[in-house]
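Let's walk through it together, one region at a time.

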Amino acid sequence: MTYKVFVDGQEGTTGLQINEYLAQRSDVEVLKIDADKRKDLAERKRLINASDVTFLCLPDEAAKESVSLVDNPNTCVIDASTAHRVNPAWTFGLPELAKEQRAKIKASKRIANPGCHATAFILALRPLVEAGLLPAATQVAANSITGYSGGGKSMIADYEKASQSPTQLKAPRPYALALAHKHLPEMQAYTGLSVAPIFQPIVGPFYKGLAVSAYLQPQQFTRPASPADVQKIIADYYAGERFINVLPVDLAATTDGGFYNVEANNDTNRVDIAVFGNDERMMIIARLDNLGKGASGAAVQAMNVHLGVEESLGLV
């Protein structure tokens, strides 16, 4: 069977990457919009409603506008913006979230693609909340370092221009310093936490790759637990998951001489989760490709689940 797919916002970073994934598929017909009609509402509406799946790779307000154009009840919309991620009428497109999540994605015609930082944070912490080790009322502190492609075309252009001469863009840059990052609602909602985390991201002078680090004190736990205990809870939660690899509690095996490689999962849909520290303090680091499992790869994975085809089709 051939599925018709439309990418609304095909010229953006996420849209371009989705098209690269789809170009390898023999089971997908990509519906293209002419360059001069990308803002033509009638043409966009025609293509959206002609599709089995439409990906929205647009700013929030434009994504909402596109959703309003849907009148074909068989069209599934996968929205990569933040517009619908905590909307109860939409399904969160993270198959590994919970045992019932794949069934929800398969049944839904409205799927919200997770954010890159949020994906790493949720995957790292949800197992601990579900296991009752980390109370829902815990306020977790976390940071994230990410490649500049996460900032979209404008930021990519800034960094590529800066590569021609020495500028401040050569150093990592903390941002979202008001501690109100747009991923906070989903980070709280889908971990099961009742308190938003203290979250502060950093953009680095490299194209892609992301690692979220969450900091924990054993005093926050409901029972005694070592790093090995925490690692086992996470490993058991994701047992059998193709795209999630829970690393052993072993510095020599999981680092490069004590340094953690943020870019290790680039060009894949994989997530590595590692637990570091000791019985007095510990941290969990989840790393992924911010354009892969953090964006386009996740969207294609959700499409595969929804269509009932092999979940890993077109992904590595």
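Start in the loop between α9 (251-254) and β12, where Asp267 sits; helices (H or I, at least four residues) and strands (E, at least two) are DSSP runs, numbered from the N terminus. Before going further, note that this is a predicted model, where local features need pLDDT of at least 70 and side-chain atom pairs count only at pLDDT 80 or more, while totals for chains, interfaces and linings use all residues. Residues are numbered from 1 along each chain as its sequence is written, and side-chain values use heavy atoms, with hydrogens and water left out.

Back to Asp267: its phi is near 65°, a positive value in a residue other than glycine. Most residues other than glycine have a negative phi. Asp267 is exposed, with a relative accessible area of 53% (buried means under 20%, exposed over 50%, partly exposed in between, with a 1.4 Å probe and protein chains only). Leu179, in the loop between β8 (173-174) and α7, has a positive phi too, near 60°. At 42% relative accessibility, Leu179 is partly exposed.

Now go inside. The largest nonpolar core has 41 residues, and those with the most contacts inside it are Leu125, Leu128, Val230 and Ile284. Such a core is a set of buried Ala, Val, Leu, Ile, Met, Phe, Trp, Tyr and Cys residues joined through side-chain atoms within 4.5 Å. Elements that each supply at least two residues of this core include α5 (116-130), α7 (184-191) and β13 (282-288). The largest share, ten residues, comes from α5. A second, separate core of 22 residues includes Leu22, Val28, Phe55 and Cys76.

How do α5 and α7 sit against each other? Their axes come within 8 Å and cross at roughly 25°, the axes being lines fitted to C-alpha atoms over the stretch in contact, with angles from 0 to 180 degrees between N-to-C directions. The two helices are therefore roughly parallel (angles under 35 degrees). On the α5 side, the contact (heavy atoms within 4.5 Å) includes Phe121, Leu125 and Val129, and on the α7 side it includes Met187 and Tyr190.

Finally, look at the segment after α10, where you'll find Glu311. Is this residue buried or exposed? Glu311 is buried, with a relative accessible area of 17%. Leaving aside neighbours within four places in sequence, Glu311 is in contact with Pro95, Arg102, Phe243, Gln301, Asn304 and Val305.

Key
Angles under 35 degrees count as roughly parallel, over 145 as roughly antiparallel, 65 to 115 as roughly perpendicular and the rest as oblique.
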